[in-house]
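Here is a short briefing on one protein model. Keep the 3D view open and find each residue as you read.

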Amino acid sequence: MADYIIRDIALADYGRKELTIAETEMPGLMALRDEFGTDKPLRGARIAGSLHMTIQTGVLIETLVALGADVRWASCNIFSTQDHAAAAIAQAGVPVFAIKGETLAEYWAYTDRIFQFGEGTANMILDDGGDATLYILMGARVEAGETALIEKPGSEEEEALFAQIRKRLAESPGWFTAQRDAIRGVSEETTTGVHRLYDLHKKGLLPFPAINVNDSVTKSKFDNKYGCKESLVDGIRRATDTMMAGKVAVVCGYGDVGKGSAASLRGAGARVKVTEVDPICALQAAMDGYEVVTLEDVAASADIFITTTGNKDVIRIEHMREMKDMAIVGNIGHFDNEIQVAALRNHKWTNIKDQVDMIEMPSGARIILLSEGRLLNLGNATGHPSFVMSASFTNQVLAQIELWTKGDEYRPGVYILPKHLDEKVARLHLAKIGVKLTELRPDQADYIGVPVQGPYKSDHYRY
Ligand code: NAI
């Protein structure tokens with residue numbers, strides 16, 4: 001039986017063509033193949049990967065394989081898979097479990113499948129949002145007797161997760177604990193997953209070292225910002241074809257993703273307003289020229305609402321009840337709980353097309369909800385472009401090499417890659433876009449107190 005679950009293997013040719021194009025836009029990953037392809041530092045690593053199964057991720061997967069790793073893969077969101085990418089990767093012999101539009105039950109079953117290496121267990125996790133890590137750690141705690149953890153699901157997601165944990169416990173007692181103990185480390189892609197890791201560590205529940213890839217400068221200050229700058233409006237357009245110019249758009253949150261999202265909408269001609277809870281980010285938004293408002297102020301008048309906070313219950317049912325007819329509501333943060341979608345379930349839904357729904361509110365006004373509140377740039381479009389994902393994924397590969405080859409030197413905890421590697425990632429992306437770097441003269445280096453070859457900034461520099 002084929003060791004993959006995808007939409008259609010016949011899409012592999014199309015996927016391969018796009019993978020080949022993506023490689024030309026991902027110089028960081030290709031440079032790592034050149035640098036480490038012979039030494040194969042990931043030999044022996046069995047990586048359970050949970051990250052949007054896109055074309056760009058395909059190039060990441062094939063880089064990990066080129067460096068010697070065994071890899072199994074699932075998407076970290078039910079809507080984010082590109083079926084042709086999954087097909088090309090499956091065709092190349094990497095077990096992939098990902099279908100665009102899979103159910104939540106399938107999602108957790110696929111998450112389980114990425115740990116099912118023939119040899120028994122995975123020994124590394126590459127995570128985006130923390131679900132693969134959560135699955136193993138929660139399962140092991142339940143196995144250790146904390147059965148109350150899976151008794152009261154608070155959402156559809158949890159219901160599906162708890163059912164999958166019960167299923168695995170019944171089929172293979174002791175499996176979660178053995179799997180947890182075999183993990184040498186995890187590298188985590190995104191802000192939300194990183195929050196989860198710090199929280200686990202604070203509670204003494206993180207048993208292995210983790211590398212926070214998100215807070216490499218060449219990740220969060222690029223992918224989260226410039227990535228969303230391109231992919232947010234792309235998602236809204238593919239979903240709705242609405243005229244953006246002149247519309248009033250509200251961006252909730254002005255962190256890295258919020259900054260990119262606001263710029264995306266402004267670039268498309270929308271009049272953008274921002275909501276924030278943090279006075280520093282609110283001040284930044286104002287000084288970048290956005291009006292900073294509360295959602296209550298603008299719920300009834302704005303045309304487009306986007307959440308970027310990584311927080312829960314940001315757009316609530318009382319806000320949506322006030323919205324005008326055909327307001328567009330979407331989220332680009334990691335999880336779907338930024339918008340109270342569950343509270344809309346008892347209203348009348350009309351499906352317009354995949355990942356686009358029209359919902360009739362009691363007032364008679366309709367709202368257009370994108371990707372059922374899941375991250376819309378990957379649900380309604382194809383996520384960030386390859387070039388910026390190359391920077392993110394170069395950090396991922398360096399993190400996997402670090403944990404696999406030097407994991408023993410790390411105690412359980414959450415770490416960030418050293419600055420010289422961050423600068424290396426940036427350096428690998430300069431030539432592609434014709435950037436000519438000025439070389440520091442030795443006396444200048446002395447004067448500002450940095451080595452000629454870098455690192456050029458202290459760890460607390462904020463960029
Ligand atoms: P961040 O921490 O830099 O920004 C979030 C901002 O939201 C903060 O400034 C915070 O003060 C603000 N905020 C929190 N609660 C709020 C509320 N109730 N109302 C208004 N503002 C509020 O985080 P970052 O890196 O911007 O990530 C945000 C989310 O996007 C995370 O869930 C992250 O995982 C996800 N993400 C999604 C990507 C995508 O391609 N869709 C790419 C990268 C990150």
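The radius of gyration is taken here over C-alpha atoms, and the globule rule is 2.2 Å times the number of residues to the power 0.38. The model is predicted. With 463 residues, a compact globule would have a radius of gyration near 23 Å. The protein chain has 22 Å, which agrees with that rule.

**Overall build**

- The protein chain contains 19 helices and 15 strands.
- Its C-alpha trace spans about 65 × 65 × 45 Å along the principal axes.
- Of the 463 residues in the protein chain, 55% are buried.
- Take the contacts between residues at least 6 apart in sequence: 73% of them join residues at least 24 apart.

**Aromatic pairs**

- A pair of aromatic rings is described by two things: the distance of the centres and the angle of the planes.
- Rings of Phe, Tyr and Trp pair if their centres lie within 6.5 Å.
- By this rule the count comes to eleven aromatic pairs.
- One of them joins F115 and W175, with 6.3 Å from centre to centre and 80° between the planes.
- That angle is over 60 degrees, and the F115–W175 pair is edge-to-face.
- Where do F115 and W175 sit in the chain? F115 is in the loop between α5 (104-113) and β4 (124-127), while W175 is in helix α8 (residues 175-182).
- The two residues are 60 residues apart, and the pair links distant parts of the chain.
- F115 counts as buried because its relative accessibility is 0%.
- W175 is buried too, at a relative accessible area of 11%.
- W175 also pairs with Y135: this pair is tilted, at 6.4 Å centre to centre and 50° between the planes.
- Y135 lies in helix α6 (residues 131-143) and W175 in helix α8, so their pair ties together parts that are 40 residues apart in sequence.
- Y135 is buried, with a relative accessible area of 0%.
- Ring pairs build a cluster from Y107, W108, F115, Y135, W175 and F176.

**Charges over rings**

- R72 has its charged end over the ring of F117, 5.8 Å from the ring centre.
- K457 lies over the face of Y461, and the distance to the ring centre is 4.9 Å.

**Annotated binding site**

- An unreviewed UniProt entry carries the annotation "binding site" for T54, D128, E189, K219 and D223.
- T54 sits in the loop between β1 (46-50) and α3 (55-66).
- Is T54 buried or exposed? T54 is buried, with a relative accessible area of 4%.
- Which residues does T54 contact, leaving aside its neighbours within four places in sequence? They are S80, Q82, A85 and L378.
- D128 is in the loop between β4 and α6.
- D128 has a relative accessible area of 5%, so D128 is buried.
- Not counting residues up to four places away in sequence, D128 touches S50, L51, H52, C76, E188, E189, T190 and H334.

**Annotated domain**

- The unreviewed UniProt entry lists residues 224-383 as "domain: S-adenosyl-L-homocysteine hydrolase NAD binding".
- This span is 32% helix and 23% strand.
- The end C-alpha atoms of residues 224-383 lie 11 Å apart.

**Cysteines**

- How many disulfides does a search of the whole structure find? The search finds zero.
- C228 is in no disulfide, and the nearest cysteine sulfur, that of C76, is 14 Å away.
- C228 counts as buried because its relative accessibility is 3%.
- C281 is in no disulfide either; the nearest cysteine sulfur belongs to C252, 14 Å away.
- C281 is buried, with a relative accessible area of 13%.

**A partly exposed residue**

- T20 is found in helix α1 (residues 12-24).
- T20 is partly exposed because its relative accessible area is 42%.
- T20 and Q116 are 96 residues apart along the chain, and 29 Å separates their C-alpha atoms.

Conventions:
Residues numbered from 1 in each chain as written. Predicted model: local features only at pLDDT ≥ 70, side-chain atom pairs only at ≥ 80, totals over all residues. Heavy atoms only, no water. Phe/Tyr/Trp six-rings, centres within 6.5 Å; stacked < 30°, edge-to-face > 60°. Helix = DSSP H or I, 4+ residues; strand = E, 2+ residues; numbered from the N terminus. Buried < 20%, exposed > 50% of the residue type's maximum accessible area, 1.4 Å probe, protein only. Lys NZ or Arg CZ within 6 Å of the ring centre and 35° of its normal. UniProt positions renumbered as here; feature names shortened; annotations may be inferred. Contact = heavy atoms within 4.5 Å. Disulfide = S-S within 2.5 Å.
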